[in-house]
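Please keep the sequence and the model at hand while reading.

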Amino acid sequence: MAEAFRIRGAGRIEGARGVRFSFDGQSYRGIEGDTLASALLANGVHLVGRSFKYHRPRGIVSAGAEEPNALVGIRRDRSRQTPNVRATVQEVYDGLVAISQNRWPSLAFDVGAVNDLASPFFSAGFYYKTFMWPKAAWERFYEPFIRRAAGLGVAPDRADADCYSNRFAHCDVLVVGGGAAGLAAALAASDAGASVILADEQAETGGALRGEKTALVDGKSAWEWAKEATETLAQRANVRILTRTTAFGYYAQNMVALSERRTDHLAEPPTDMPRERLWQVRAARVVLATGAIERPMVFPGNDRPGVMLASAARCYLNHYGVAVGRRVGVYTAEDSAWQAAFDLKGAGIDVSAIVDSRPSPPEDFVERATALGIECLTGHAVTGTSGRLRISSLKARRIGGTAIRDIACDALLTSSGWTPSVHLFSQSRGKLVFDADSQRFLPGEGPQDCISAGACAGALSLAEAVEQGFRAGAAASGKRRRKPVPMVTEGASWSEGTLGPAEDAGTGAFAKAFVDFQNDVTAKDIAQAVREGMRSIEHVKRFTTTGMATDQGKTSNMHGLAIAAGILRKPIPEVGLTTFRAPYTPVTFGALAGHARGALFEPVRRTPIHDWAKMQGAVFEDVGQWKRARYFPQDGEDMHGAVARECRTVRESAGVFDASTLGKIEVTGPDAAAFLEMIYTNPWSKLAVGRCRYGVMLREDGFIFDDGVVGRLAEDRFHVTTTTGGAPRVLHHMEDYLQTEFPQMRVYLTSTTEQWAVIAVQGPKSRDIIAPLVEGVDLSDATMPHMSVREGKVCGVPARIFRMSFTGERGFEINVPADFGRAVWEEIFAEAQKTGACAYGTEAMHVLRAEKGYIIVGQDTDGTVTPHDVGLAWAIGKNKTDFVGMRGLMRSDLAAGGRKQLVGLKTIDPRTVLEEGAQIVADPNEPVPMTMIGHVTSAYWSENCGRSIALALLKDGASRIGERLFVPMPDGAVNVEVCRPVFFDEEGGRLHG
Amino acid sequence: MLLIHCPYCGEARPELEFRHAGEAHVARPVGADVGDEDFEAFLFLRANPKGIVFERWRHIHGCGRFFNAARDTVSDRFLVTYKAGDKAPADIEGGRV
Amino acid sequence: MRRYSVFAIAREAMRGHRGWPEQWSSPEPKKSYDVIIVGAGGHGLGTAYYLAKEHGITNVAVLEKGWLGGGNTGRNTTIIRSNYLYDESAGIYEHALKLWEGLSQDLNYNVMYSPRGVMMLAHNVHDVQVFKRHIHANRLNGIDNEWLTPEEAKAYCPPLNISRAARYPVVGAALQRRGGTARHDAVAWGYARAASARGIDIIQNCEVTGILRGADGAVTGVETSRGTIHAKKVGVVAAGHTSVLMQMAGVRMPLESYPLQALVSEPVKPVFPCVVMSNTVHAYISQSDKGELVIGAGTDQYTSYSQTGGLHVIQHTLDAICEMFPMFTRMKMLRSWGGIVDVTPDRSPILARTPVPGLYVNCGWGTGGFKATPGSAHVFAHTIARDEPHPINAPFTLERFRSGRLIDEAAAAAVAH
């Protein structure tokens, strides 16, 4: 199909390579440099979408990011489908596939359009007033129906094949917006030597100059000047230009977030190129040159395809060489739309009429129009349009009059004035000031180092914008301006305008004068909201949903505000302005997530022995960021079988366990013991060098925080161990007290978790296994009893050997430098195999310790448990005058009776294993809600005991030993007997050999 | 993301390097004879001001030091940061020195 | 109050919806009231409504600094559930859930309570233990909560990634089918309309600047930006600003106020059927009736009243969303915003009398206040009317922080609200 609306000799992309693309299956031609919108218009296609609520046919409204209507789905392949893409932003490439949205079965014939017929029923907020009867119908019928009707595009249904990236950057001056003001600012700032980042959302710089044809800067066409300025900037080493890059968020302390689109315009993107890149720029100063956005006129039928912004038509003509129609009407309340009419006429397009609601627009405009043969209807309003899928005529009436003229047209260009884009300034927490004369919110005082320049700062002409840009750039660079500001001649001014519908046109009871196109909010909806008591603009917005569509009200918010203010007879600022929030335009989730996917979502921590365990076929579990070997299945064993074998082997012979994930902190210095006295409940001063002690750590509130074995290596040196998950917070906790409460103490804390590999060898044969490998340490019970520590060598490697046990067996934990961990492990394992020992994982470790009643902080405690509750009162130093948590423990409810205490549970049927987390009751027949007196914290099958075992926290548990209680499960209560929390070797003889 | 000046490093660094550590100048009561009320105040009661807060930060992914800051909780602007153990600058509005 | 119904809409449709009355009136404040509620969010407006409905107290003013429903009520991700661990918490949230079930009919305002199920994902053995503990406790308390395998979780929520290769694979989930969402604005508006209809004055743009006390220390009223208003009972229900208000009466609170951010995507056709929460990877997501994915982020680490937070907090949340739902990376963030949540040391609320006679406080809901709205309002009204707590809120005192009888959902559960 030929591009029937491409005008020879107009536009700047003429001569570029041709491309083919499709829209709803129909193939079209465009040229490189086109947006999807310009290419569709070149083919005479205006109808591109359906509205959210009434499914009304909609056309292209704008030529930029503010587009409310022209949203399409873009499909590259099955795993690259993007909904809700603005056709006015999407660049065409060869092979682009676009599909329309929110319609069925087709764009031209959409069944959903019955909503439009029923629209009198679907007034603002109607859903709050109905669908309440019968009660169950909301969930079953009404809501699913509403949900299916709502939504726009279709979400992707496959994992995204593209990648995304993140960058941080710093600069002296960040210039947001590469239009005339932004280019001027970047020139001035970089002239002065400042490092500059210039970001612009379009494919190339130039901003609103895309639509400009007549203005001259320094004697050149404004566009040419912009291209030369860009070239100059690009050659400067201190300037970085980012196009296709939207500054979408302005955060504290001049942090501005940008999203750069890298591949969406390419026919064949390189596979290694990220689709989008998030930039987080910290700028010493920010220049906002974000321009202004033209508003449409509000009148009945203003949403018909073919009705569009005047500036957009001008841009399509002057930049893309596309005529938006053959016979074009104009409806405006300000000057710049006249220029659009003149440009179109100049390109040979018929302009059927210019309707201006002002009684007396500038005389020279009227004269010029008349001379060009264009009919001028001043002091008129457009009161309606006709046409089904495209406008075919407009109806104009003198304001206050009654006679209606029907004027044929196939496009209608409208403008009610320009709204400065103060979004980012407002996001920076700057205060907006309402200028009553121009009916605009403009940047006022701001807390951040930021200057607004150009149309966003209220400039009313190109000359003013350029002037402001230069000043802002120079000021931002901290230097005086040296070069003269370029001379600007001609160019449209954008000084006037109107808000809301023209008098008596639009708020009529049944008129559909749209304010928010995408969400189908009309002027009368806003009036209704106000009548219903919505006095704040936030209420109006939320009740009508105006300004809440994907365009976030860029073309509609000021109209909505003015209509509400008019009805309330209040000045606009008193009705309020809705808060501008990030993002300025929608930002892809992927860009925000960046590389943080899959393995990079969070780092994986592996021990030095991890790969060995993997080779042995270990099954791993996640514990915090660590991967820990959970069990080592052999010959088709399931978890139960493997764990039973591992548990049995440890007690019969021995087991080797990778304990490297345990947190380790080296505490040194003359006051190390005194410091530990404060941090732990236990006493430390009298612990002999070479001995270890199990320590309990509380928070200041008296509840257990962490635990672990601490060995004293020298008078002034302790090797502290913590739980796997607790290591970072324990170190933080210790540092906090050391630095801020006990700064006089001479103590040094060093995290050594990653420095030591820890190999636990546990079981009756443990000493036999390691003895051949140990040098310089006497391992005999007499010289190295339970709970002692020695430094020596294992396998020729410097080692710290702890005689300690988390199994109740004689055991050793060998710490060797991490790099030697794997080698030492393999040698120990080879020795172990000679005795019939095995490797065991965390699951067997859990069972073995539970058989002995050793708690796991975080499993058998939950942050509301004191040492007394779990039988650790012995660990509290009786003569201590202070330690962290001591006073907390004395609070009345921590000392009171009725607390939950650690007990053991034996099921009456020894084969029944309780479920961890199950609740305990005294009366299994009590009706719901039942009185729960405790819960199971740990429960396992114990191969060594030949029965199930469990630990529980039970109200007054210590005094209930021997009681029969019940654990209600969905299929009946399990009978249990309360016992002491030790199931194996109660006397502890095995510990000592 | 805030930009925070570490008084030990002498540099402003991004918030990702820091960990907030609660209100500053909350004195830890010592000994068993601290009254319930005083202990509750120490543990739980906080000024939580809308305005200038004195707070603690730790440059956890930097020098590791704890320090204090005065910040406006309405604008999130830092007025000053100073070393742990130093008194809050007396000239700060709302300063409890 | 003119009843809302499909017939009323049809009637109004005939005349262009010009006949709807104001949903609530906007009177000038009187000189005195029996009760003043400070804060016109869902909890405050609901309190006023139940004061009138359940206790016959209608000489009540609800004072609001800004616009009603403009605080956390209008800024949250609208998750409703009651599967809390402790009896105390389960009691109040279940009380609320039962009220949610009939709230639209009670208020004659469609609050769009949608029991689409709240599914909480378990990613490791610890999560499993914690969730099972909840499920068992909930069952014995008569609260629905069930365990799902990863496959069952995926069947309930098809976009979920249950690949074993994920960084934190889903190992199961706890599902409360009666959990779901509601339309947050409608809750505030519905209560406002119903309270207004019962004669309660809702006064917006009226900032409380002081709390007045008599010689005996008891409350006598409040100073506001619109003058002095007297009352013998004042209930403070002001979410993030509680510390500031209570300071006016000389009461220091165990609260800290943090920024909490949330975001929505662009609207798309139905793709996400339920609410999914994951505490391990920090993500909360549902899809609104409008089609937007509604996503809750975590709190920033520092206290703030700025109602803004750092972008890195949003990023961290979207990392998790994209990890769990890899097809959503091409979705776009449409809008993000921040609220101020007041957090207590045990992450449970305070609904109680205070040391100042006549002064009551309802605060400390942290990130989870919306779901409690009707229940909280209902028992708080009781507390104010009777000057003694309802059995349901009796445990949620201020004194618990002195004695140590905390209701520590955070410590016990490691599950966010």
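## Chain B against chain A

Between chain B and chain A there are 4 salt bridges, a salt bridge being a side-chain nitrogen of Lys or Arg within 4 Å of a carboxyl oxygen of Asp or Glu. One of these joins the side chains of Arg28(B) and Glu700(A), at 2.7 Å from N to O. H1(B) provides the largest share of the side of chain B that touches chain A, 4 residues. By class, that side of chain B holds 16 nonpolar, 4 polar and 6 charged residues. Here Ala, Val, Leu, Ile, Met, Phe, Trp, Tyr, Cys and Pro count as nonpolar, Asp, Glu, Lys and Arg as charged, and the others, Gly among them, as polar. The rule also finds 13 residue pairs in polar contact across the interface of chain B and chain A, both residues at pLDDT 80 or more. A polar contact is a pair of N or O atoms within 3.5 Å; within protein, one must be able to donate a hydrogen and the other to accept it, and residues adjacent in sequence count only if both atoms are side-chain atoms. Helix H1 (36–43) and strand E4 (52–58) of chain B each give at least two residues to the side that touches chain A.

The model is predicted: local features need pLDDT of at least 70, side-chain atom pairs count only at pLDDT 80 or more, and totals for chains, interfaces and linings use all residues. Residues are numbered from 1 along each chain as its sequence is written, chains are lettered from A and ligands numbered from 1 in the order in which they are written, and side-chain values use heavy atoms, with hydrogens and water left out.

## Extent of that interface

The contact (heavy atoms within 4.5 Å) takes 26 residues from chain B and 28 from chain A. Together the two chains bury about 2,200 Å², 53% of it on carbon and sulfur atoms. Buried area is the accessible area (1.4 Å probe) that two parts lose on being put together, summed over both. Within chain B, Met1(B), Arg28(B) and Phe39(B) lose the most area to chain A, together 31% of what that side buries.

Chain B itself has 1 helix and 6 strands. Helices (H or I, at least four residues) and strands (E, at least two) are DSSP runs, numbered from the N terminus. Their order along the sequence is β-β-β-α-β-β-β. The C-alpha trace of chain B spans about 40 × 25 × 20 Å along its principal axes.

## Chain A against chain C

Chain A puts 116 residues in contact with 106 residues of chain C. The pair buries about 9,700 Å², with 55% of it on carbon and sulfur atoms. Tyr128(A), Arg147(A) and Phe589(A) supply 9% of the area that chain A buries against chain C, more than any other three residues.

The rule finds 10 salt bridges across this interface. One of them links Asp893(A) to Arg405(C), with the closest N and O atoms 2.8 Å apart. Polar contacts between chain A and chain C number 60 residue pairs, both at pLDDT 80 or more. Helix H3 (residues 137–149) of chain A gives the most to the side that touches chain C, 7 residues. That side of chain A has 52 nonpolar, 33 polar and 31 charged residues.

## Strand pairing

Strand E32 (residues 587–588) of chain A and strand E17 (residues 332–343) of chain C run antiparallel, joined by 2 bridges. Two strands pair if DSSP finds at least two bridges between them. Thr588(A) has Lys332(C) as its bridge partner in E17(C).

Within chain A, 3 bridges join the antiparallel strands E3 (residues 47–50) and E4 (residues 57–59). Arg50(A) stands opposite Pro57(A) in E4(A). E3(A) and E4(A) form a hairpin with 6 residues between them, and His55(A) in the turn has a positive phi of about 55 degrees.

## Two domains of chain C

The domain assignment gives chain C domain 1 (27–78 + 184–254 + 346–403) and domain 2 (114–179 + 256–343). Such bounds come from an automatic or database domain assignment. The C-alpha centres of the two domains lie 30 Å apart. In contact are 17 residues of domain 1 and 16 residues of domain 2.

The area buried between these domains is about 1,300 Å², and carbon and sulfur atoms give 53% of it. Arg75(C), Thr77(C) and Gly240(C) supply 42% of the area that domain 1 buries against domain 2, more than any other three residues. The salt bridge count between the two domains is 0.
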